[in-house]
Amino acid sequence: MSVFTHPEFDNHQHLSFHCDPKTGLRAIIAVHNTSRGPALGGCRMFPYSSDDEALTDVLRLSRGMTYKSALANLDLGGGKSVIIGNPREHKTEELLESMGRFLESLGGLYIAAEDSGTSVPDLKVMGRHTSHVAGISSRPGFDGKPSSGDPSPATAYGTFVGIQSAVKHKLGRTDVNDLEGLTVAVQGIGNVGYRLARHLTDAGAKVSVFDIHQDYVERAVEELGATAVSAEDILFLPVDVLAPCAMGAVLNDESIPRLQAPIVAGAANNQLSRASHDQSLWQRGILYAPDFVINAGGIIDIHYERIGADPAIVRKHVESIGDTLDEIFTRSARDERPTGEIANQLAEERFEHHHNHQPVGASNPG
Ligand code: NAD
């Protein structure tokens with residue numbers, strides 16, 4: 001396993017490995033870039049088949065957070081952590097407490113939030129030993145409803161706003177508050193996907209869904225009037241928008257040639273199997289809303305949890321995802337370049353030229 005020459009290393013600023021035999025904790029914290037502020041990103045627990053797989057994942061995710069926060073205009077850097085293990089078998093209170101001490105040892109360089117395999121209660125256990133955890137406070141949410149700290153509602157709303165922007169650019173619809181007649185396929189109707197499907201149906205769209213959990217499918221059919229489709233069909237329906245909201249790498253050599261939707265806009269992280277698939281989508285004339293732009297609602301919400309703000313301010317900031325996508329889509333059409341490439345460029349402009357650099361680690365970011 002190489003580190004500095006790892007293909008995903010990309011000049012990471014800091015990388016920490018931690019092993020605690022007493023609790024079985026084996027974890028990595030990756031901090032990609034803190035030029036805009038302390039690195040904030042999820043703590044993922046996953047049964048990686050090798051150390052190399054865990055390292056690759058944490059490096060990719062951490063870099064992605066730098067880009068996501070820069071594009072969301074947040075004073076945050078990019079970081080991520082992974083715990084190697086099966087959350088259903090290996091997650092114990094002692095292990096989570098040990099992770100809390102590991103977070104504390106970095107002195108605020110990195111702040112952890114929920115991710116796949118970790119939950120609000122898990123972060124609270126880590127928080128017994130550190131203040132460098134986020135996404136855990138009960139408060140009025142961005143929509144004025146009570147929130148447990150779960151960022152999913154804000155992510156779903158930001159994704160909805162992003163779909164409105166894509167629909168305007170690709171389909172020429174002018175009144176995007178009325179989505180009557182629009183058809184959308186949502187893959188994965190968990191925390192984000194279900195809420196997104198609700199926003200869409202409330203606005204008049206017709207939604208098709210698939211999830212590996214049948215009860216989730218039934219809920220969407222009963223409550224939202226969604227149409228249930230098969231695992232094989234969900235990506236390839238002749239709909240206006242495909243919204244991947246389950247796992248990553250769904251846009252790949254096999255799937256892209258078979259897509260029928262003119263727009264791909266969903267919340268899942270790392271939708272492109274390889275960076276070059278951005279180009280493949282562009283060549284097929286499919287408008288792709290880069291995942292790290294459209295799914296930034298959650299990080300925006302968590303940011304305001306840390307600093308405190310009126311829900312209306314949070315909502316407005318989440319809605320700015322639509323403006324950022326408008327800019328990306330416009331530049332992409334003008335320069336005849338894929339949207340992911342434009343988004344990366346825009347993010348680099350924002351984090352490389354950020355002048356409000358605050359030294360991190362010296363103070364307690366909360
Ligand atoms: P979740 O676990 O609540 O929902 C994911 C859903 O996908 C689950 O219902 C699961 O059963 C389903 N699923 C898994 N494999 C599937 C498959 N092969 N086909 C169809 N469905 C499948 O997670 P979530 O919080 O809703 O997140 C969804 C995606 O959005 C993830 O990729 C996540 O990384 C990303 N994301 C989430 C947030 C957030 O605030 N929760 C923020 C940014 C990005």
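Visitor: How many strands form the open sheet, and in what order?

Guide: Keep in mind that this is a predicted model. Six strands make up the open sheet, ordered β10-β9-β8-β11-β12-β13, and their pairing is parallel.

Visitor: Which ones are the edge strands?

Guide: β10 (227–228) and β13 (287–288), since each of them pairs on one side only.

Visitor: Take β11 and β12, then. Over how many bridges do they pair?

Guide: Two bridges, in the parallel sense, between β11 (residues 241–244) and β12 (residues 263–264).

Visitor: Let's go to β1. Does it pair with β2 in the parallel or the antiparallel sense?

Guide: Antiparallel, with seven bridges between β1 and strand β2 (residues 25–33). One of the pairs to look at is Phe 17, whose bridge partner in β2 is Ile 28.

Visitor: What's in the turn between β1 and β2?

Guide: The two strands form a hairpin with four residues between them. Gly 24 sits in that turn and has a positive phi of about 80°.

Visitor: Why does Ser 16 count as buried?

Guide: Because its relative accessibility is 13%, and buried means under 20%.

Visitor: What does its side chain make a polar contact with?

Guide: The side chain of His 14, at 2.7 Å. Leaving out residues up to four places away in sequence, Ser 16 also touches Ala 27, Ile 28, Ile 29, Phe 102 and Leu 106.

Visitor: Okay, β3 next. How many of its residues are buried?

Guide: Seven of the eight, so strand β3 (residues 39–46) is mostly covered. Six bridges join β3 to strand β4 (residues 77–84), and these two run parallel. You'll find Phe 46 opposite Ile 84 in β4.

Visitor: Now a helix. Where is Gly 64 found?

Guide: In α1, residues 51–71. Gly 64 counts as partly exposed because its relative accessibility is 23%.

Visitor: How far apart are the C-alpha atoms of Gly 64 and Asp 291?

Guide: 9.7 Å, though these residues are 227 apart along the chain.

Visitor: Change of topic: the ligand. How many residues surround it, and which are the closest?

Guide: 21 residues surround the ligand, and the closest are Thr 155, Asn 191, Val 192, Asp 211 and Ala 246. By class, that shell has 10 nonpolar, nine polar and two charged residues. Helices α5 (152–171) and α6 (191–202) each supply at least two residues of the shell.

Visitor: What's up against the ligand's oxygen atoms?

Guide: The side chain of Asp 211 has an N or O atom 2.7 Å from a ligand oxygen. For Asn 269, an N or O atom of the side chain lies 2.9 Å from a ligand oxygen. With Asn 191 the backbone is involved instead: one of its N or O atoms is 2.9 Å from an oxygen of the ligand.

Visitor: And how much of the ligand does the protein bury?

Guide: 75% of the 820 Å² that the ligand exposes when taken alone.

How values were computed
Residues are numbered from 1 along each chain as its sequence is written. This is a predicted model: local features need pLDDT of at least 70, side-chain atom pairs count only at pLDDT 80 or more; totals for chains, interfaces and linings use all residues. Side-chain values use heavy atoms; hydrogens and water are left out. A residue is near a molecule or strand if one of its heavy atoms lies within 4 Å of it. A polar contact is a pair of N or O atoms within 3.5 Å; within protein, one must be able to donate a hydrogen and the other to accept it, and residues adjacent in sequence count only if both atoms are side-chain atoms. Accessible areas come from the Shrake-Rupley method with a 1.4 Å probe; for residues, only the protein chains shown count as cover. Ala, Val, Leu, Ile, Met, Phe, Trp, Tyr, Cys and Pro count as nonpolar, Asp, Glu, Lys and Arg as charged, and the others, Gly among them, as polar. Buried means under 20% relative accessible area, exposed over 50%, partly exposed in between (1.4 Å probe, protein chains only). Contact means heavy atoms within 4.5 Å. Two strands pair if DSSP finds at least two bridges between them.
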